Amino acid sequence: MEKIDKGKTFKLKFSFNIINDSYVKGVLNNTFIVFETFNNLSYLIYSSKYALINCYDIINFQKICEIKDDVVNSCNYVNFNHYSDKKNKRDLVISIYCKWDTLKIWNVNNWECLLILSNINNGSALGCCCFLETKNKNELYIITSCRNNKNNLEPIKVFNLEGKKINDIKNSSYGSMYIESFYDNKYNKNYIFSCNMNCVRSYDFQEKSIYHEYFDKKENELYNHALVYEYENKLTLISTCFQGSIRFWDFHNNILIKKINITPPMIFECGIWDDEYLFVGSDALKLINLKNGEIKYFEDHKNTVVNIKIIKQRDYGKCVISQGIGYNKIILWIFDDKN
């Protein structure tokens, strides 16, 4: 691969399939997750046609276990999230069954199911879910969303690990494609952000109310994925949408910093690499140079790339893992981005 900007090269060393039996039905975020456990193991959790939960060791490249979950007719509409519970020396994983409005909490140490929570949205489709840990009270919560985009919309809800509903987030009854939480050390606050039709919304968790709505003039855009990152010395919300735009917002001041359009449209998950590059899932895995807008394509996937993760692997360093929709393999990409 040729030079991407002055004095720096970004080359693909090699790529290979690490998962051959993955399966994704429908467009979801976090259809696989990757994390380092509290005892320094590196796991990839994904769904296959025959086992809704698969745990894979990405250091030794071997499957650890399969769980043939008992959610009837789930049709593989399942996605995941993770929390490292260092206090109790365990890792927790949420498996989220959108169509069946159900989630489960698992202890990764022994894959014991700790909680089954059903009928969260009164039968409406469940959206993405995440954990939220408060720093001041050291409490852990489950944050849920509603995926429906039109009717029977439910608010973002807060549950404890026993499955008891604590409260709702005010003014949050919107269809959500993605939801996540983070703690801002500067402001000493927990925030939630949610990707919706026409905008991304952030919420002040302490106040249980909306913080900002991040939107552009163009209407009828469905925001699909977002992340919060310290970019150019600002806490920045980076968002993608199905219609082919990527936007960078000043998170606290709600100012649009920059906008990038790519073709063909349909952008799914994104991940930032060393402040200068953004990987996105689209018709192929794409690398965007944030300085000059140049786009590179990596086309090993046969189908649309819906999910990507940037990780550090023990033997290969920083890598990208990507997954296509349907019966598509999960690929590990090894790069050389040295000056």
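Biologist: Which residue is the bridge partner of Ile238 in β22?

Modeller: As a general idea, strands of a sheet pair through backbone hydrogen bonds, either parallel or antiparallel. In this predicted model, Ile238 has Phe248 of β22 as its bridge partner. That bridge belongs to the pairing of β21 with β22 (residues 245–250), which is antiparallel and comprises five bridges. The hairpin of β21 and β22 has three residues between the strands, and Gly244 there adopts a positive phi near 105°.

Biologist: How many bridges join β20 to β21?

Modeller: There are eight bridges between β20 and β21, and the two strands run antiparallel. Within β21, Cys241 stands opposite Tyr223. In the hairpin of β20 and β21, two residues lie between the strands, and Glu232 has a positive phi near 55°.

Biologist: What is the strand order of the open sheet of four strands?

Modeller: The order is β16-β17-β18-β19, with antiparallel pairing. Its edge strands, each pairing on one side only, are β16 and β19 (209–214). From one strand to the next, the twist averages 25°. Strand β18 (residues 200–204) forms five bridges with β19 in the antiparallel sense, and Val200 has Tyr214 of β19 as its bridge partner.

Biologist: Which residues of the largest nonpolar core touch the most other members?

Modeller: In soluble globular proteins, nonpolar side chains tend to be buried together. Here the largest nonpolar core has 31 residues, of which Ile143, Ile192, Phe205 and Leu237 touch the most other members. Several strands supply at least two residues each, among them β12, β13 (140–144) and β21 (234–241). The most comes from β17, which gives four residues. As for β21, seven of its eight residues are buried, so the strand is mostly covered, buried meaning under 20% relative accessible area.

Biologist: Where is the centre of the largest pocket, in terms of the closest residues?

Modeller: The largest pocket has a volume of about 1300 Å³. It is lined by 37 residues, and those closest to its centre are Val34, Asn81, Tyr178, Glu180 and Lys309. Elements that give two or more residues to this lining include β4 (32–36), β8 (78–85), β16 (178–184) and β28 (305–313).

Biologist: What is the make-up of the lining of the largest pocket by class?

Modeller: The lining of the largest pocket has 21 nonpolar residues, together with eight polar and eight charged ones.

Technical notes: Residues are numbered from 1 along each chain as its sequence is written. This is a predicted model: local features need pLDDT of at least 70, side-chain atom pairs count only at pLDDT 80 or more; totals for chains, interfaces and linings use all residues. Side-chain values use heavy atoms; hydrogens and water are left out. On a 1 Å grid over the protein atoms alone, a cavity is a set of points where a 1.4 Å probe fits but cannot get out, and a pocket is an open set with protein on both sides within 12 Å along at least five of seven lines; lining residues have an atom within 4 Å of a point. Grid points are joined across faces, edges and corners, and a volume is the space filled by probe spheres set on the points. Ala, Val, Leu, Ile, Met, Phe, Trp, Tyr, Cys and Pro count as nonpolar, Asp, Glu, Lys and Arg as charged, and the others, Gly among them, as polar. Two strands pair if DSSP finds at least two bridges between them. Axes are lines fitted to C-alpha atoms, for helices over the stretch in contact, and angles run from 0 to 180 degrees between N-to-C directions. A nonpolar core is a set of buried Ala, Val, Leu, Ile, Met, Phe, Trp, Tyr and Cys residues joined through side-chain atoms within 4.5 Å. Buried means under 20% relative accessible area, exposed over 50%, partly exposed in between (1.4 Å probe, protein chains only).
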